[in-house]
Amino acid sequence: MSLKRKAADLAAKEAGKKTKVNGSITSFFGAPKPKAGEPAGKATATTTAANFDKEAWVAKLNDEQKELLKLEIDTLDDTWLPYLKDVLVSPQFLELKRFLGKEIKSGKTVYPPMKDVYSWSRHTPLNTVKAVILGQDPYHGPNQAHGLCFSVLPPTPAPPSLRNMYVALKKDYPEFKEPPKKGGLLTPWADRGVLLINTCLTVRRGEANSHQGKGWETLMQKVIDTVAKVRSNGVVFLAWGNPAAGRVKAINAEKHLVLKSVHPSPLSASRGFFDCHHFIKTNEWLVLRHGKDAAIDWDLNVDPEEAGV
């Protein structure tokens, strides 16, 4: 039995005891048309993306903005761009892009590779988000960071925090098996609707936190707020550690589920993370809220080629 199937079955039993809220899976994944007279801001992610004229927006940018934002224009998924575009042209973000350009031109190695900075947006388009896992800083070693928090590229083995996540997962789902060769690739989760984002998207090689406070945090807070606003039928936010908890403090707990715990780092995991049961709690809530098909399959035993690597 898959991890998703087991969670769905358990939650379905609970559903018989509780009143299901907005239980139609269509209400969660579909793209209903805005009601007559409904403000544009109330439109769904799919509707807004369809109505957004990317070419017209790019045409209005000046030459420097087009150069600085080439990465965003070329690699940020189109479902996210309409909601993030105003932050992208802000003075702070443009200064961040100038800073990154100087880092690279000076010969410094920056992770993840530029093509992967926004891979989270492509693996998990806005209209597919079911859950959000918040990280802080990308890994700063070679062949690790690739744009998804906690995830590393093969053949790099899973780092300590991710191994602790596996321990917690196995407590929720005893049949969970770690990926072969001690792997840590989380693209299967991202492709199934788990938004894996760091609050800072780049880092200098070998220097943790070296790009913090430069402007990424403002953009990623907008990402979090956008999910909360647009995916208004309800998603799960998993916030591990005080910095992550601070990012979700304004989330409407009546619309969404916010799960908080200490960070899975070896420095803190023993203080409650292993027994937080966030993985099964996520699925139980999603099933009760949206139906059994909304449960997330946490299995990671997927061929790397199938996982988009």
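Which helix is N164 found in? Here are my notes on that and a few other spots.

1. First, some ground rules. This is a predicted model, where local features need pLDDT of at least 70 and side-chain atom pairs count only at pLDDT 80 or more, while totals for chains, interfaces and linings use all residues. Residues are numbered from 1 along each chain as its sequence is written, and side-chain values use heavy atoms, with hydrogens and water left out.

2. N164 sits in helix α10 (helices are DSSP runs of H or I, at least four residues, numbered from the N terminus). N164 is buried, at 13% relative accessible area (buried means under 20%, with a 1.4 Å probe and protein chains only). Skipping residues up to four places away in sequence, N164 touches P264, S265, P266, A269, F273 and F274 (contact means heavy atoms within 4.5 Å).

3. Now look at how α10 (residues 160–172) packs on α14 (residues 278–290): the angle is about 55 degrees and the axes are 7 Å apart (axes are lines fitted to C-alpha atoms over the stretch in contact, and angles run from 0 to 180 degrees between N-to-C directions). M165, A168, L169 and D172 in α10 meet H278, F279 and I280 in α14.

4. Then there's the largest nonpolar core, with 86 residues (a set of buried Ala, Val, Leu, Ile, Met, Phe, Trp, Tyr and Cys residues joined through side-chain atoms within 4.5 Å). Helix α12 (residues 216–230) gives the most to this core, 8 residues.

5. W216 is among the residues with the most contacts inside that core. Leaving aside neighbours within four places in sequence, W216 has contacts including F93, Y118 and H211.

Terms used
Buried < 20%, exposed > 50% of the residue type's maximum accessible area, 1.4 Å probe, protein only. Helix = DSSP H or I, 4+ residues; strand = E, 2+ residues; numbered from the N terminus.
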